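Hi,

Here is the structure I promised to pass on.

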Number of protein chains: 2
Amino acid sequence: MDREAMTTTRLRILIPLLAGSMTATVLADEGMWLLNQPPLEDLKDKYGFEPHGGWVEHVQKSCVRFGGGASASFVSADGVMMTNHHVGFDQLHKLSTPERNLLVDGFYAPTRDRELKCEDLELKVLWSMEDVTDRVNSTVAPQMSTAEASAARRKNITMIEKESSERTGLLSEVVTLFHGARYHIYRYRRYTDVRLVMAPEGGIAHFGGDTDNFEYPRYCLDVTFFRVYENGRPLRPEHYLKWSTSGAVDGELTFIVGHPYRTERLFTVDHLKFLRDVKITTILKRLWRREVQLLTFSARSDEQARMARSDLGGAQNSRKAFTGILAGLHDPALMNGKIAAERSLRAAVDANPRYKAQWSDAWDQIARAEETHRRLYERHSALSGRRAVIRSDLFAIAKDLVRLAEELPKPNAERLPDFTETALESLYLALYSPAPIHAALETDGITSGLSYLIDSFGAEDPLVRAALDGRSPRARAEALVRGTRLKDVAFRKKLAAGGATAIAESTDPMIRFAASIDPEARALQKRFEDEVESVERAAYTKIAAAKFAINGAGMYPDATSSLRLAYGPIRGYRQGGETIPAFTNMGGLYERYEKRGGVDPFDLPERWLDHKDDLDLSTPFNFVCTADIIGGNSGSPVINRVGEVIGIVFDGNIQSLVWDIAYTDEEARAVSVDARGIIEALRKVYGATALADELMNRG
Amino acid sequence: MDREAMTTTRLRILIPLLAGSMTATVLADEGMWLLNQPPLEDLKDKYGFEPHGGWVEHVQKSCVRFGGGASASFVSADGVMMTNHHVGFDQLHKLSTPERNLLVDGFYAPTRDRELKCEDLELKVLWSMEDVTDRVNSTVAPQMSTAEASAARRKNITMIEKESSERTGLLSEVVTLFHGARYHIYRYRRYTDVRLVMAPEGGIAHFGGDTDNFEYPRYCLDVTFFRVYENGRPLRPEHYLKWSTSGAVDGELTFIVGHPYRTERLFTVDHLKFLRDVKITTILKRLWRREVQLLTFSARSDEQARMARSDLGGAQNSRKAFTGILAGLHDPALMNGKIAAERSLRAAVDANPRYKAQWSDAWDQIARAEETHRRLYERHSALSGRRAVIRSDLFAIAKDLVRLAEELPKPNAERLPDFTETALESLYLALYSPAPIHAALETDGITSGLSYLIDSFGAEDPLVRAALDGRSPRARAEALVRGTRLKDVAFRKKLAAGGATAIAESTDPMIRFAASIDPEARALQKRFEDEVESVERAAYTKIAAAKFAINGAGMYPDATSSLRLAYGPIRGYRQGGETIPAFTNMGGLYERYEKRGGVDPFDLPERWLDHKDDLDLSTPFNFVCTADIIGGNSGSPVINRVGEVIGIVFDGNIQSLVWDIAYTDEEARAVSVDARGIIEALRKVYGATALADELMNRG
């Protein structure tokens with residue numbers, strides 16, 4: 001479950017169900033468009049909007065890729081960059097000290113000398129793109145095996161990237177688009193001198209906490225401002241987004257530009273049914289169980305509640321997200337749309353003899369792979385992943401050690417992915433982490449995992465019998481946690497150094513426990529890779545090629561963390577017979593605060609209570625629009641037709657979670673902070689006049 | 001799930017997995033013994049205890065059956081009766097007024113004229129018992145069918161009861177014991193004038209609330225005192241239990257006398273495996289899901305939290321209880337004990353040709369029935385019960401109306417059990433209840449139920465397709481709740497009056513929805529009754545007869561709510577490597593209060609905060625012992641060898657929940673309030689000097 005579990009909040013959450021794809025027919029305001037292939041015709045036809053010549057380039061160069069993959073944008077002539085509070089969270093955490101908890105208290109630097117420099121933050125601005133498909137494929141020959149072709153491409157890509165970097169001085173990366181149908185080179189400007197200007201308190205940035213996450217109406221000031229420096233001076237960016245003075249109105253067309261991480265809209269109907277019938281229901285079944293287990297554990301004492309807090313938050317967030325996706329899959333409108341689209345694509349393939357010969361078997365190949373996956377899934381997913389269903393760090397460490405002993409002697413190319421030379425560093429980081437291990441939480445997690453294995457595989461299953469070693473789940477868990485020496489980092493290092501012999505001879509109970517489970521886990525993983533994953537990959541390459549051939553350039557590729565443009569009007573929706581208006585205002589924030597009795601997560605920072613009377617409570621605070629976004633879009637600017645900032649995206653509602661596999665706009669919405677709410681808060685709550693003036697170009 | 005779901009707290013909780021049975025070999029302090037067949041030999045052998053001649057009769061006549069089936073005892077010469085606060089809960093609720101909430105504030109009548117009279121409480125004291133097996137079976141002939149034999153017995157029982165009542169003037173009831181191997185007549189004295197003397201605040205009676213329920217260590221004053229009157233004067237009971245002046249010590253032998261409701265210790269190994277592998281895992285799977293659903297619903301607003309509170313509490317309590325039972329079934333010690341016992345009983349049966357011919361096929365019959373039940377269970381249990389998995393009152397009402405139209409025209413004897421003439425009153429009570437129906441909770445419950453049906457039966461299942469009617473679960477639920485007129489009681493009455501025609505012609509969407517599900521529910525119920533339930537019943541009658549023949553009188557029958565004696569020493573236990581001492585004290589109460597920050601359910605009543613310094617904090621407060629109890633024992637006195645009160649049972653720890661199917665004493669314990677803690681609280685916290693003096697015979 002590890003890989004699917006989403007342990008952070010908001011739009012940074014990623015659900016990589018399977019990589020790569022693209023859509024067949026574009027519905028409504030669907031689409032995460034490449035900046036070098038913007039949907040100009042659709043915008044003209046649907047909204048009568050024709051951006052002027054430099055519009056797209058200006059927007060592209062105003063946008064920023066923040067750290068590993070979130071979004072941000074330049075919003076002042078002097079290099080102020082805006083992103084979400086939850087995107088800047090790690091930086092705020094690192095800049096905090098025991099005396100100054102920025103996450104709780106917020107921060108504002110009224111003058112530049114008081115800005116706080118981030119230690120390890122990298123920003124990238126996409127400067128140019130170019131289609132290099134032909135060069136990437138230039139040495140691929142028809143008689144090559146898949147592995148040979150892949151190696152040939154890899155070699156070309158390395159060469160293209162190196163040549164581009166040397167020639168342009170820009171960081172150059174080849175990105176795979178349309179599931180390998182196209183390769184583009186992306187060139188970036190890099191910035192590493194980034195300083196914190198302003199962050200609100202966590203309490204207002206995430207007002208409503210996990211309770212309101214993925215919900216709407218919302219009242220969050222999920223924004224943070226940094227300033228980018230170059231050569232010790234504030235950057236004067238060639239492009240930055242101007243702040244809208246008037247703000248947006250209901251129904252107005254908006255654009256969202258950022259880095260959606262991953263979508264899987266190529267999935268066939270059989271594959272979606274596998275998700276609906278098997279994968280997501282199984283994940284949810286485990287999450288419900290785990291959430292209740294962690295709540296029960298937490299209820300016992302405040303200490304236990306602290307131990308379990310992060311696991312519990314992760315489980316709840318994942319549960320909410322998967323519930324949203326499953327609700328989409330249970331919606332006949334979505335499924336019928338997928339069925340119709342698939343039927344028409346297959347008909348188009350079959351109508352062309354050349355297409356038919358190349359691609360028409362792809363759907364049935366997926367169907368057969370999913371049949372196999374249905375049989376494998378419960379057992380494979382229960383045992384795969386670093387912790388499998390055994391939610392214990394000690395077990396994960398034991399499993400790593402067992403596998404390390406087996407993998408290290410092999411040639412690099414034959415090792416499991418987590419054990420290759422390049423992956424070893426992060427493996428050792430986890431393996432030798434001195435992070436505290438809570439015996440009570442470990443025992444509870446192993447007990448629950450063993451009970452799950454009994455429920456799921458049966459009490460008489462050989463693996464279950466070996467795992468339990470003749471005891472009850474709790475007795476076994478207690479004996480394992482009490483008996484293992486893996487709590488001691490030095491012991492782990494000694495075992496790792498001893499290699500396969502040390503593991504084989506170790507009497508440590510947790511090592512023996514992991515060793516008893518691992519052979520079947522490996523066997524299942526191999527079956528999964530051979531009989532499911534590789535079949536899917538080959539078939540989706542065909543389907544993608546078919547779509548590309550039939551639908552041509554009027555397509556957007558599945559999200560891959562590259563820069564994209566989405567669009568759609570600000571628009572409320574109907575939910576459960578109720579109309580949800582597009583905008584909330586600051587008055588609504590205080591109403592919700594009062595209605596919930598100010599109890600966490602609905603408590604407000606002191607400043608917000610003190611300055612309530614100073615605020616114009618009719619100021620718009622959050623709003624929703626139909627633009628097509630997903631995890632990774634967090635921090636993306638929301639802009640109007642003239643390219644001005646009217647807001648910043650920070651979440652999607654629960655109905656939007658299904659956008660992972662299909663776009664709908666009946667109820668699904670992107671959720672943003674309104675630019676006017678930001679300015680009102682900066683001026684009236686934080687006295688951040690200098691920053692507000694700078695944003696409004698009154699500096 | 002309705003029938004298994006346990007919606008009340010503590011030991012009143014009943015899990016009737018299947019009725020009637022008895023044990024093979026008696027382990028440790030196992031046994032809920034008949035008062036007319038006390039385990040004298042065991043007591044002598046194991047504890048060197050030989051009660052004097054009148055001991056058992058004195059104890060029996062000091063004990064009281066409270067209302068429908070809980071336990072109590074006389075504890076003063078002037079008719080003071082002690083039971084649990086949670087047993088007296090309903091009476092305290094009824095005696096409360098808007099100005100005087102006894103459940104929150106507690107109550108004490110310092111003088112008799114200030115006692116509060118209960119309106120509808122009946123007490124029974126068991127006065128005499130007699131074996132009437134031969135008379136019950138006197139007219140049963142070998143050639144009779146099961147139904148004929150049953151009717152013959154029923155007729156004899158009615159005659160025996162009538163004759164006994166007329167002759168003795170005592171309320172007389174024939175009880176079925178040893179699964180029909182024995183019948184005893186029980187004669188009771190009845191009391192109906194009962195007045196409230198003292199009740200503590202709910203906050204101290206249930207300190208720790210649902211969080212601590214089934215846990216230990218505990219700190220609860222779960223006790224309430226009434227006084228019984230006769231002819232307008234306090235009753236001077238012939239027998240009452242004296243209060244111990246010295247209290248109990250660790251390791252001391254205790255006796256618990258009360259009314260355990262039901263145990264199922266006769267279950268065969270195959271039947272237990274069905275529980276372990278199918279039934280309880282399925283129930284828990286639904287409970288985890290439901291708990292998370294209700295928590296999510298509750299988090300949205302305080303109003304919603306109030307709507308869902310009772311459902312949520314019920315789900316959490318059931319989840320805790322079933323988790324405890326499943327943990328027992330996952331314990332190899334328990335299962336291996338059951339296997340060994342079964343093997344030896346079967347060997348004894350097979351060794352005797354007459355026994356073999358009569359009974360040896362019983363175990364295989366159960367095995368086959370459980371095979372069938374495994375195939376039926378998921379679908380049958382999802383659709384059976386009043387609400388099935390559709391947690392909606394409106395759905396239950398619609399289902400009742402649909403069935404009523406079908407059942408009423410039939411002869412009484414052919415109707416479903418809930419629709420016979422005698423059952424109709426309570427059916428109409430539920431059907432025409434003006435209790436508020438919360439649309440939001442209904443919609444959420446139906447959405448979740450429909451999603452469950454998709455997950456469980458598959459999206460393409462005909463019943464699922466009919467239930468969804470082409471919509472998503474949420475859209476369907478919203479349409480049903482919005483569209484139905486069943487919120488209106490008058491409409492329900494009109495439909496009921498219209499009979500089958502009105503139902504057939506009704507276009508009410510909830511009626512149509514229920515009508516689309518009911519035929520399969522009925523068909524599955526019939527298969528369950530024919531292929532599982534009736535087979536089990538016949539086979540268990542054989543097994544019980546075999547056990548009775550082989551083990552004879554040294555046995556106790558399964559609990560049936562009749563008066564029983566259990567015994568066992570006060571003894572702590574080891575849990576998770578930790579030693580849990582047998583006793584807690586009043587100081588521990590305040591420590592726990594402080595450690596949990598005094599936050600609900602760990603807040604203390606004002607009086608307890610005010611009087612902390614007055615208390616001797618070393619006073620024992622709660623304790624555990626190994627005596628064999630179960631739901632229905634709530635309020636039972638705990639007495640010492642000389643028959644003095646040393647405490648009152650109010651709960652079992654979570655490990656004791658498995659006592660339903662098997663006794664273990666490694667960790668399982670009964671939990672009681674210590675008599676010394678009661679007196680200390682009465683004197684120092686409540687100033688209830690008169691009552692304390694009366695209990696201590698210093699009046």
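A quick definition before the helices: an axis here is a line fitted to C-alpha atoms, for a helix over the stretch in contact, and angles run from 0 to 180 degrees between N-to-C directions. Please also keep in mind that this is a predicted model.

With that in hand, take helix 16 (residues 439–457) and helix 18 (residues 473–483) of chain A. Their axes lie 8 Å apart and the packing angle is about 140 degrees. Angles over 145 degrees would count as roughly antiparallel, so helix 16 of chain A and helix 18 of chain A come out as oblique to each other. The crossing of helix 16 of chain A past helix 18 of chain A is right-handed. On the helix 16 side of chain A, the contact is made by A:Ala439, A:Glu442, A:Thr443, A:Ile446, A:Thr447, A:Leu450 and A:Ser451. Helix 18 of chain A brings A:Pro473, A:Arg474, A:Arg476, A:Ala477, A:Glu478, A:Leu480 and A:Val481. Sorted by class, the contact between these two helices of chain A has seven nonpolar, three polar and four charged residues.

Now for how the chains meet. The contact involves 32 residues of chain B and 32 residues of chain A. Which elements of chain B give two or more residues to the side that touches chain A? They are helix 9 (269–299), helix 10 (302–329), helix 16 (439–457) and helix 18 (473–483) of chain B. Helix 9 of chain B gives the most, with nine residues. The side of chain B that touches chain A divides into eight nonpolar, ten polar and 14 charged residues.

The same surface serves both copies, with 100% of the contact residues of chain B recurring in chain A.

Last, confidence. The model scores ipTM 0.83 and pTM 0.84. Chain A averages a pLDDT of 91, and 96% of the residues score at least 70. Over residues 1–26 of chain A, though, the pLDDT is below 50, and this stretch has 88 contacts in the model beyond near neighbours in sequence. Where pLDDT is low, the predicted coordinates should not be read in detail.

Cheers

Key
Residues numbered from 1 in each chain as written. Chains lettered and ligands numbered in written order. Predicted model: local features only at pLDDT ≥ 70, side-chain atom pairs only at ≥ 80, totals over all residues. Helix = DSSP H or I, 4+ residues; strand = E, 2+ residues; numbered from the N terminus. Parallel < 35°, antiparallel > 145°, perpendicular 65-115°, else oblique. Left-handed = near helix turned anticlockwise from the far one by under 90°. Contact = placed C-beta atoms within 7 Å. Nonpolar A, V, L, I, M, F, W, Y, C, P; charged D, E, K, R; others polar. pLDDT = per-residue confidence, 0-100.
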